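Subject: Structure handover

Hello,

Here is the structure I promised to pass on. Please open it alongside this note.

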Amino acid sequence: MTINLDLTAVGAWELTYYQKLVGNPQNRRIRAPLIDPVELPYLTDKHVFLVGASWLNAKPSWVRAGYFYQQISGIHIDDTVIFEGLGQVPSAEIDGNRHLIKLNAIELVIFPKLTSNYRLRFEAMPWIEQVTLGVWEYLGTETDTTEDLVNAVRSKLETIEFKIDNL
């Protein structure tokens, strides 16, 4: 299975999130990350993204900005099996996948198609004081070689059926 994307097409990308995230210096006292995790304020059904993170005052040796997560919610399980003594939660939320985002770079992130929609979350590295985060969703054309093969077989089957019907 190969996914074919036209990444360079005009209008293929839409900026859906842009924010300067500033950390709390007081978090150093409690050894917590300076920047709290950020849930992007929307659900998405897309699975191809460009994610850019920059901080011009970062040390040259710092190459990681943080992690970009695919959060899947609405999973119905009995979590009291794992969390004994706590009340049962009607649905759970899990991290489907995560990708490392480099600092002062733009990364191509492709999440697997696990569900029809999900949330996105960014967690900066604990030492990052501030970061400008931009997320673009891919809106361009997408084809799958598996779908192409199925369509080719379907076309040949229709031809064979037509020939059989005309006998």
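Below is what was found in it.

This is a predicted model: local features need pLDDT of at least 70, side-chain atom pairs count only at pLDDT 80 or more, and totals for chains, interfaces and linings use all residues. Residues are numbered from 1 along each chain as its sequence is written, and side-chain values use heavy atoms, with hydrogens and water left out.

Strands here are DSSP runs (E, at least two residues), numbered from the N terminus. Two strands pair if DSSP finds at least two bridges between them.

Look next at β2 and β9 (residues 130-138). Nine bridges pair them in the antiparallel sense. E14 has E137 in β9 as its bridge partner.

A patch on the surface

I110 is found in strand β7. I110 also belongs to a nonpolar surface patch, together with I3, L7 and L108. The accessible area of the four together is about 290 Å². Areas come from the Shrake-Rupley method with a 1.4 Å probe, and for residues only the protein chains shown count as cover. Nonpolar side chains are joined within 5 Å, like charges within 9 Å.

Why does I110 count as partly exposed? Because its relative accessibility is 37%, and partly exposed lies between buried (under 20%) and exposed (over 50%).

Around β5

Strand β5 (residues 64-75) runs antiparallel to β6 (residues 92-102), with ten bridges joining them. Q70 stands opposite N97 in β6. Six bridges join β5 to β8 (residues 119-124), again antiparallel. Here Y67 stands opposite E123.

Y69 is also in β5. Y69 is buried, at 9% relative accessible area. Its contacts (heavy atoms within 4.5 Å), leaving aside neighbours within four places in sequence, are D95, N97, R98, F111, R119, L120, R121 and E123. Y69 and R121 are 52 residues apart along the chain, yet their C-alpha atoms are separated by 5.0 Å.

Best wishes

How values were computed:
Helices (H or I, at least four residues) and strands (E, at least two) are DSSP runs, numbered from the N terminus. Patches are made of residues with over 30% relative accessible area and no salt bridge: like charges are joined within 9 Å, nonpolar side chains (Val, Leu, Ile, Met, Phe, Trp, Tyr) within 5 Å. A salt bridge is a side-chain nitrogen of Lys or Arg within 4 Å of a carboxyl oxygen of Asp or Glu. Buried means under 20% relative accessible area, exposed over 50%, partly exposed in between (1.4 Å probe, protein chains only).
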